[in-house]
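Let's take a walk through this structure together, going from the overall layout down to single residues. Have the sequence and the 3D view open side by side.

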Amino acid sequence: MTVALIDRYRDRLPVSDSTPIVSLGEGSTPLLHAPRLGRELGVDLWLKWEASNPTGSYKDRGMTVAISKALEGRARAVVCASTGNTSASAAAYAARAGLPAIVLVAEGAAGGKLVQARALGARVLAVRGSFDQALAAARQLGEREGYVLVNSLNPNRVEGQKTAVFEIVEGLGGTPDAFVLPYGGGGNTTAYRKALDELSLSAPVYSVEAADRPRTLASAIRIEHPAHGERVAASGARVHAVSDKEIVTAWRELAREEGMFCEPASATGLAFLRGSDELRGARVVVTVTGHGLKDPAAADTHAPAPVVVDADPAAIAEAAG
Ligand code: F0G
């Protein structure tokens, strides 16, 4: 039987026997060795494939805890602002819990995620303005009686997300020399640091942001002012920036060389490794955060278009090269 993430790490999460568990079978994601790509980059490379979570991103780790706690606390509705993945995850877990979800998405959020939240029955409101403005509105709504904010400013989200580090350390049978992950709002960086502190481990966390935060093609991390910025700075995380061009190159490489079709934001970690010698020779875990089908428009722009052929074997063999 599928083990719910909360059951796997019950002793390290803020739950009790009376907490109703809302699960879709999140966590326990693959940790995949990538020797070919690793050789090219000069590192012992491991990829934590978080796209295999139920809604296609790592957000589900935090959402199972946040929604379970909201249900326990008799919430009337949950609310979040999102570049897309948080809303898809909130919509799914709220549906599972029988709770209404109000999701505010920034105009321009990637199509696959919007479709997900809509199909899952959330009340999807596209806010005129940036993600930062949508988040400010969600925070205010979350202060009203009966509403629970399920962005990563909700500590239960961070609690759930820290389990990725537990899985990585268990999977490797030790600590990697470095954790590398994307940096949007910084909730995940905060969660990784918390997990390492709880385990009394001091491995560095590399948090990789888009150089052009407000305009990057990596829509999931198109956030001008990270909500966890101060915590990320205080955590000692090593923050690096990569350009959109570097993100696209890494994104393509992950798909073509390792079979991992992720969304552009998820490729920032690899983009950093490609452009830096800092971790040469080290055992590195790169977290690949979300699925490529979340943002089909990005794939359509950057992947080769199909060649049209007649249904004729000779013509097909010739066109295939
Ligand atoms: N990767 C993906 C696929 C994301 O969706 C996000 C954030 C990040 C990385 C960045 O992680 O914010 O913890 O530093 N997505 C949020 C959302 C903002 O609304 O879905 P972070």
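Two residues are in contact here if their C-beta atoms, placed from the backbone, lie within 7 Å. Keep in mind too that this is a predicted model.

Let's start with the whole chain. The protein has 14 helices and 10 strands. Its radius of gyration is 20 Å, close to the 20 Å that the globule rule gives for 321 residues, so the protein is as compact as a globular protein of that length. Along the principal axes, the C-alpha trace spans about 65 × 45 × 40 Å. Buried residues account for 52% of the 321 residues. If you look at contacts with a separation of 6 or more, 73% of them link residues 24 or more positions apart.

Now for the domains. The protein is divided into domain 1, made of 5-57 + 156-302, and domain 2, covering 59-153. Their C-alpha centres lie 21 Å apart. How many residues of each domain are in contact with the other? On the domain 1 side there are 39, and they meet 37 residues of domain 2. At least two residues of that domain 1 side come from each of α1 (5-8), α7 (155-161), α8 (163-172) and α13 (296-302). Helix α7 gives the most, with 6 residues. Sorted by class, the side of domain 1 that touches domain 2 has 17 nonpolar, 15 polar and 7 charged residues.

A164 lies in helix α8, and with 28 C-beta neighbours inside 10 Å it counts as buried, because the cut-off for that is 20 or more. Leaving out residues up to four places away in sequence, A164 touches K48, E50, Y58, R61 and T287. G269, by contrast, is 105 residues from A164 in sequence, and the two C-alpha atoms are 16 Å apart in space.

The largest nonpolar core has 95 residues, and V78, A90 and V103 have the most contacts inside it. Both domain 1 (5-57 + 156-302) and domain 2 (59-153) give residues to this core, so it lies between them. Take A90 as a way in: beyond residues up to four places away in sequence, it touches M63, V78, C80, A101, V103, A122 and V150.

What about the ligand? The number of residues that surround it is 22, and the closest are S82, G184, G185, T289 and G290. The largest share, 3 residues, comes from α9. By class, the shell has 5 nonpolar, 16 polar and 1 charged residues. Why does the shell around the ligand lie between domain 1 and domain 2? Domain 1 (5-57 + 156-302) and domain 2 (59-153) both give residues to the shell, so it lies between them.

Helix α4 also holds A97. Setting aside residues up to four places away in sequence, A97 touches V22, I67 and L71. The C-alpha atom of A97 is also separated by 8.8 Å from that of I21, which is 76 residues away along the chain.

A couple of backbone details come next. S28 has a positive phi of about 50 degrees although it is not a glycine. You'll find S28 in the loop between α1 and β1 (31-33), where it is partly exposed, with 16 other C-beta atoms within 10 Å. S200 has a positive phi as well, of about 55 degrees, and is not a glycine either. S200 sits in the loop between α9 and β8 (205-210). Is S200 buried or exposed? With 6 C-beta neighbours inside 10 Å, S200 counts as exposed.

Finally, follow the chain to α14. This helix, residues 313-320, is hardly covered: the count of buried residues among its 8 residues is 0. After α14 comes G321, whose phi is positive, near 80 degrees.

Terms used: Residues numbered from 1 in each chain as written. Predicted model: local features only at pLDDT ≥ 70, side-chain atom pairs only at ≥ 80, totals over all residues. Domains from an automatic or database assignment. Helix = DSSP H or I, 4+ residues; strand = E, 2+ residues; numbered from the N terminus. Nonpolar A, V, L, I, M, F, W, Y, C, P; charged D, E, K, R; others polar. Core = buried A, V, L, I, M, F, W, Y, C linked by C-beta atoms within 7 Å. Buried ≥ 20, exposed ≤ 12 C-beta atoms within 10 Å, placed from the backbone. Rg over C-alpha atoms; globule rule 2.2 N^0.38 Å. Near = placed C-beta within 6 Å.
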